[in-house]
Amino acid sequence: MAPKESLVKMLGEERVIDDPKILASYAETRSFGPHFAPWLAVRPDGPEAVERLVGWANESRTPLVPVSSKGLKIRGDSVPSVPEAVVVDLSDMKKILSVNRQHRIAVVEPGVTYGELNAALAEENMVMPMSLRPKAGKSVMTDVLEGEPRLNPMVQWSYYDPLRCMEVTWGEGVRMFTGEAAAGARDLESQWADEKWQVNVAGPFMLDFYRVLTAAQGSMGIVTWASLKCAVKPLLHRMFVASANSLSELEGFVYRAMWTRFPDEIFIMNRSQLASLLGKTSGEIAVLKPLLPPWTVAVGVAGRELLPEERFEARSKDLTDIAQENGLDLRESIDSLDGDAVLREASSACVGTYWKDLWAGSSQSIFFVTQLERAPLFLKRVTELAESLSYPVGDIGVYIQPKHLGSAYHMEFTLPYDPDSARETRLAEELFDAASREIAGLGGYYSRPYGKWAGIQLNKDAQSLLALKRIQGIFDPNGIMNPGKLAAV
Amino acid sequence: MIETTLEDFRPMMERCSNCLACKWLPYEKIESRRFGRNCPSAAYYSFNTYSARGRFHLGQVLLDGRSEFTEQAVEAIHSCTACGSCDVSCKITRYNLEPLAHNIALKERAVELGKYYPGQKAAIDCLEAERTMLPGERHSARTDWAKDLGLKDLTREKAEYAFFAGCQYSFGSGLAEKARFWAGMLRDAGVDLGYLGKADMCCGGRAKQMGFKGAFEKQAGANIAALKAAGVTAIVTPCSDCYHAFKRQYATLGLEVKTLHVSELAADLLAEGRLKFKKSIDMTVTYHDPCHLGRLGEPYVPWDGVEKKVLNQIHTWDPPRPRYAGTFGVYDAPRSVLKAIPGLRLKEMQRVREYSWCCGAGGGCSLSSPELSSATASERLTEARSTGADAIVTACPWCLRNLEKAVDENGRQMKAVDITELVALAV
Amino acid sequence: MALEREAYRAIEDIVGKRNVSEDSSVTETYRCITSQSSAHYGPFNHQTPRPQAVVLPGSTEEVRQVIRICNRYGIQFKVASTFWAAMGYVGSDRAIQIDMVRMGGVRIDAKNMMAIVEPYAIGAVVQVEAMKFGLNCNMAGVGCSSSVLAGAAGWMGFGPSSLFMGIASENILGAEWVLPDGEILRTGSLGSDGSWFCGEGPGPSTRAVLRGWQGSTGAMGVCTRMAVRLHPWPGPKLIPTYGEVPSYKADGLENFRTYTLCFNEWEDYARAFQLFHEADVIYLGHRQFNMFGRDIKGAMLKILVDSGGQFSDLLPLMDDPYVKSENEKMKIDVQIVLAGLTERDLAYKEKAVDEVLRQTHGWKSEFMLDKEMRDFVLLYLLRLGRKNLNYTLCSSYEGNFGMSSNVFVAAPLMEEASALKRKWEQDTPHIAAVGGDSDMGSMSGIGGGGTTGWEFFVHFDAYDKDSIRGTKEFIDDSQRWMLSKGLGADMGRWNADARREDGYDYTQEEHDAIYKNLPQPAIFEYQWKVREAFNPRHLTGSYYRTKTPENVK
């Protein structure tokens, strides 16, 4: 039976898409990596359908590419890297399966966006910790599962917090829960009836199933729900900013602030990145940019249900003192830079044109994790490379985000370019390639090895690669899950 | 009832819970990774078998016949320096275990079975023949240090205090003068002092700590008789081993005479103004607590009781059993003497007082396990040097001898001095 | 059974003669006596099997070479460092014991707040080295006597600090493992350029196969080095102490507060925990001293605080009207420590605690506010240096009713669990009669709150065969009660599926029979596949739980 017929029989006519225009849209990406339009796309309506689908794919050796977010594929991780693939579009699986205030846990399907989740959480006086201004169509689940850095690393006791339990159909077709939820019946309703709320991410025994799925780009299995740890909604919430002429000037303050854990949110941006975050149009960005300091550290402070004013007061005053001790002036605003505006923009979803694209029409991001003290070295080398290629250095955005209680720092260079200009596109790609290699050479770590980084990173560590192959051989023995993403695997 | 045979320790063997606290300082006193360990033999040989826990387990194994007294078993048994550091660490939390006493009981069983080393035998043979644990020395020369000093001979005259020099101070090169110094100084300070004359002999304390119970008891019997005959009210000794022997080991055999270390008496005399330091010593020193003066130097408390369980299974002793946890050892007296010396600066090591590191000479290990003994002294010198001190001071001749010949982990020697030497320079 | 001479000689060549022994005096003392040491599969009057040799490797390379020899000759191996529990000991007669005592290094990266530790770096030394730089490490409830690395690699590792600092497994950054097949895997950033700061990725984390939630229990190779995340320590470089041995107390930590919070009802207790989980005010939170038992904890504390205290003082102290009345007020209690990172911070935290108490009708125990008591408790909780007090009452203990889950489920069950234990205390002489409730444990079983980490302690006499047998019967009864409540395995039986009652490994057939009826047996089938991939000669024993997949014959 032809693939389409099989899928229609399995899922129903309306859930199988072969419209070339729609299929082409699944291949739209910023990534410079290889990408193909899928042969078909399917929209399963639940885990059982996913399980059947994966079974079929194993029999027919059909590559499956799970997609959960709507809109442009920035990283390219959910765009097929091989021909003959079937996209598994989960973006219509939008149920918020539970919201538990007592344990601050929400269970969401893959298609739920930040906007949708936060609306539901607001009723329970909670909020989902955000990554930096995600696309409005971004799946919360995927965002978390892929390890997009959060604005509030102080509540990340594990690297992938707020991720907790999941339901997954592995590449070999077995469906199960992960973490604490795997120790009980494979039935959420009965777990809830037993007051089990999918809180604990690990295990459940000697195997951390969730870690097989993190940053996997859909290459191990298809996740059909995830439980996420939420935060109590702030009653008071402000962001403070301090400026500096160089990145190094901020280091002492950020290290100390991380030591105290007083900030609720904390990140560093350079002028270009911050202007792109705050400006609504390229014109606004152009106006803003010269008005902003070269470097800004933004620090959020919140007060929640328990003594909101007292907490806010203590934290904000202490952080101001710490800034002062480190030669910085932490304030609610600096000239035209308003801290609360930064907070508002950073922690809200981006509707319309992706904010990093406002300046030049498109952009590429190079990101990796490192330690803060090493960040100036990467900045220096990327700047030198840009200069050597005559790339406009002033356009490069820099965003540094502590992760995991500050044990690692996400460092991101945004390279804007005009996608309609072949020269600019070529230049951006050239810089992207050169800088990516240079960063790896200097010890920058591509923990999320998208596109070309997979080869760069995985080839540096033969034993990890071998282990990864063994793991993939267990969970996706036929290699049907999003093949080609972890290229070397 | 106090445990005397290895079999008596069976409840303790089975009640040790394998926490291995016996391998470390009391955790709350650890200051660094480098100097966190407490047990010389566990640190040197590494196998758990060489710790107090290992020995409790080994005791069971041997009693159950699951192992012979193999070469390694004998090494594990005799490599205990009997320093008691395991005992202190254990008693931070446990109220019904006596690891040091058990270690010695194991040694005694090994000795009974003839499982000991030639070096030990030589010392015990010498004890038998010449009444000293120092092979090569003659009893006839034992009291040469007292010649022409005019001290009362307690076999003929009465005095309040018996000055007991001990083997090292009686014979040791450079040490006999110190015995002479102490005796003379104390007498001059008005202490009514004598010595045992021809009846003077080894205290035998080390024999006990080596597991040679019979040899010890023979010595103790003779000494107790001599002391009783002398009618003294107190013994004063510059030797920490002797101090421990009289204060704790002889006490179990019925000796009821007050025992003082010279540093205690000197501290008292300083406090009373009967001893004054006139000269300044420009030197930075660190003080090594001898095990037998420090944590093992606590006063003896007689006890004859039984275990009693309350609330079904909770262990108590009826009547309450004395807990020797190092609380009341002699720590402050030698320090107060040192602090009273003008110009002298005292810097403490990390392992001090009840959780002090052994010098390595204890338990007869300098005879039975010279490599262990040397490594243990080396460790102490390394620690002493880390304080920045110019010299390591101690109040025990056995410690002094072991530290004098040692080098630290970098192969460097460090000046080791007896507290006497500093006192002599300062008066 | 002796090792083949070739194998033994090869191991001698690798580690040196003095670092390997097959002498009976050594190998016999590397058996776990399961009545004496926490076993978590029931107290039994037997020992685990005798290893064929005990090996003390001194480097990662030596570990690798020893494991290769094991693969070559088909010798099982079990690794341990501080030998706290039965899981560290071999489970067959064809096995060697690897003791990591020679690898005890600690290096602090102060700026990046991490420690790189080797297996024999115990909590006490990692902590003191960290404190020199204003940092602290999570101290698992097992106490500072245990290996930080082993706790992180091998077991769960929650304790007083885990609400604020996360549990041991959450603090693992880069790690170096010698896999059971002798290959070396370095996780995360460590694998590519030797940086320890990130233990995840690249891409999916290979760490997935190394420990899970429960921990590898020494059954997935040997972790030889690990970076653990450190946390703020706003105290001095060394905690000053005062008081005589053994009743040491913390001296002059002015920016710390130590309280015992008490509640009328378990519902209030659970609600207070929820509020503390949501607020960043608690530095250490543990229900600690109730481990002695509800009826005796006040008297026990009086004994412990006094350097001359004796257990013979216990009954008179329990009858002391003041102690009795204060003890009654501490029936439902938890110890907390607040750490002021600044003056404002401490003031805020103090207010927050008062507010939580107001909302939950709780109070601070006055008995525990006595200065010496406070200082003793502060030092106890900061250092966790007294884990052997677990054993002190009768010489041994085992956990029974244990909850590592929902505080709102666990708390309401406390009185029923207490009543069950109290019944056994009254009806039999085998366990200490301490008032039923002897629950203790962490304010949270995961970082940032969300679960409990509790267990009841059952105190028994390891020298008394009747006491051992009676305790096992009680734990079996406790297990029946827990199953009737749908609560899973009793703490005392947590490892009952990992090692047979006679101390030996399970066979695969026995494991298959145990796991076939699980609601999601795929868990153990995947563990089977992981074992096949990384441990093809099955050299690490049955603590690594596996079920043969249906499609494998």
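This report describes the chains of a predicted model, their contacts, and some local features.

## Basis of the values

The model is predicted: local features need pLDDT of at least 70, side-chain atom pairs count only at pLDDT 80 or more, and totals for chains, interfaces and linings use all residues. Residues are numbered from 1 along each chain as its sequence is written, chains are lettered from A and ligands numbered from 1 in the order in which they are written, and side-chain values use heavy atoms, with hydrogens and water left out.

## Chain A

Chain A contains 16 helices and 19 strands; helices (H or I, at least four residues) and strands (E, at least two) are DSSP runs, numbered from the N terminus. Its radius of gyration is 22 Å, close to the 23 Å from the globule rule for 489 residues, so chain A is as compact as a globular protein of that length. That radius is taken over C-alpha atoms, and the rule is 2.2 Å times the number of residues to the power 0.38. Along the principal axes, the C-alpha atoms of chain A fill a box of roughly 70 × 55 × 40 Å.

Of the 489 residues in chain A, 65% are buried. Buried means under 20% relative accessible area, exposed over 50%, and partly exposed in between (1.4 Å probe, protein chains only). The 52 positive and 63 negative charges of chain A have mean positions 2 Å apart. Lys and Arg count as positive and Asp and Glu as negative, while His and the chain ends are not counted; a charge is placed at NZ of Lys, CZ of Arg, CG of Asp or CD of Glu.

## Chain B

Chain B has 18 helices and eleven strands. The C-alpha trace of chain B spans about 60 × 50 × 45 Å along its principal axes, and 68% of its residues are buried.

Helix H12 of chain B (residues 240–249) is largely enclosed by the rest of the structure, because ten of its ten residues are buried. Among them are the charged-type side chains B:Asp241, B:Lys247 and B:Arg248.

## Contacts between chains

Two pairs of chains are in contact, and chains A and C share the most contacts, a contact being heavy atoms within 4.5 Å. Chain A and chain B are joined by no contact, and their closest C-alpha atoms lie 23 Å apart.

## Cysteines

Over all chains the structure holds zero disulfides, a disulfide being a pair of cysteine sulfur atoms within 2.5 Å. For C:Cys70, the closest cysteine sulfur is in C:Cys223 at 18 Å, too far for a bond. For C:Cys137, it is in C:Cys144 at 9.1 Å, also too far. C:Cys70 is buried at 0% relative accessibility, and C:Cys137 is buried at 3%.

## Backbone features

Most residues other than glycine have a negative phi, and most peptide bonds are trans. A cis peptide bond joins B:Asp318 and B:Pro319, with omega about -5 degrees; B:Pro319 lies in the loop between strand E8 (314–318) and helix H14 (332–340) of chain B. Another cis bond joins C:Val245 and C:Pro246, with omega about 0 degrees.

A:Glu195 has a positive phi of about 60 degrees and is partly exposed at 33% relative accessibility. B:Asn18 has a positive phi near 65 degrees and is buried, with a relative accessible area of 5%.
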